[in-house]
Amino acid sequence: MLTATQVPGGPNWLGLTTPDAAASAAFYGDVFGWRYEPVGPEEREFGLFRLAGRTVASCGPLAEAGTAAEWQIYFRTADADATAKAVEQAGGTVRFPAHDVLMAGRAAGFTDPTGARFAVWQPREVDSLDAINTAGALSWTELYTTDAAAAKAFYGAVLPWDTGWEIEVGTHVLAIISPSGSGREAQHGAIMQLLPENLAAGSRSEWHPYFATRDCDGVATTATERGAETLIPPIDVPGVARVAMLRDPFGATFGVLQATSTPTTPE
């Protein structure tokens with residue numbers, strides 16, 4: 001589970017872009033119990049997903065008409081403009097330049113050299129999500145990539161991450177992402193090399209959020225009953241968690257994670 005979000009490079013925000021905010025709100029409301037609260041002018045279709053009164057994600061319209069819905073992970077930065085320059089110097093591209101989001105903060109979006117999309121959030125009045133690791137909230141981030149070595153080099157140049165600790169999970173090798181200098185005491189997520197069979201099937205580089213749950217199988221069943229596609233059915237990761245990967249009715253991919261111990265919100 002996530003153990004570090006309010007440090008440089010930590011995942012501190014999560015946003016869903018969708019062609020239909022109301023339908024997405026209904027889907028995630030059924031799956032995780034979220035409530036959608038519109039923010040600003042109604043025609044913008046921008047709002048917050050709330051769980052027990054705490055913000056777990058934002059929701060907004062598609063940047064480009066005709067594209068699929070997408071979950072976008074934001075990582076904390078003290079200077080979104082400087083991060084944008086670092087991204088370009090390291091071989092990535094800027095999808096949307098650094099800009100102010102009212103008085104809440106400053107955001108910028110990028111694509112890494114392997115094709116994965118991500119963003120950064122420079123906090124002002126809004127620091128980060130209100131909840132992590134509790135059932136229904138963000139609990140893990142993972143990059144599935146076509147080139148793990150290139151991805152590790154890129155993110156190491158752009159964000160204050162260490163990726164030297166690797167673990168084997170079945171046939172996969174995961175590079176654990178930790179805040180620079182923290183050793184193994186804190187974790188942001190992982191980078192995983194896609195296998196040859198994944199690449200042959202057309203898999204591409206993508207960041208995925210995982211949401212905590214007390215019942216992985218139950219959440220996966222509810223999601224499919226509400227129109228989601230099962231990409232990876234519930235499976236056990238020995239000694240770690242039970243996980244599943246799903247694609248919501250509009251194309252946004254997400255995972256669910258039932259930890260070995262009951263998920264709780266850190267103090």
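Predicted model: local features only at pLDDT ≥ 70, side-chain atom pairs only at ≥ 80, totals over all residues.
**Stop 1: Phe32 and Phe254.** Start with the aromatic pairs, which come to 27 in this model. Select Phe32 and Phe254: their rings sit edge-to-face, with 6.0 Å from centre to centre and 70° between the planes. Now colour by secondary structure. Phe32 belongs to helix α1 (residues 21-32), while Phe254 is in strand β16 (residues 253-259), so you're looking at a link across 222 residues of chain.

**Stop 2: Trp34 and Phe211.** Next, pick Trp34 and Phe211. This pair is edge-to-face too, at 5.3 Å centre to centre with 75° between the planes. Trp34 is in the loop between α1 and β2 (35-38) and Phe211 is in strand β13 (residues 206-212), so the pair ties together parts that lie 177 residues apart in sequence. Are Trp34 and Phe211 buried or exposed? Both are buried.

**Stop 3: two loop residues.** Time to look at the backbone. Most residues other than glycine have a negative phi. Select Ala52, in the loop between β3 (47-51) and β4 (54-61). Ala52 isn't a glycine, yet its phi is positive, about 55°. With 75% relative accessibility, Ala52 counts as exposed.

Finish at Leu102, in the loop between β6 (93-101) and β7 (105-111). Leu102 also has a positive phi, near 50°, and at 72% relative accessibility Leu102 counts as exposed.

Key:
Residues numbered from 1 in each chain as written. Heavy atoms only, no water. Phe/Tyr/Trp six-rings, centres within 6.5 Å; stacked < 30°, edge-to-face > 60°. Helix = DSSP H or I, 4+ residues; strand = E, 2+ residues; numbered from the N terminus. Buried < 20%, exposed > 50% of the residue type's maximum accessible area, 1.4 Å probe, protein only.
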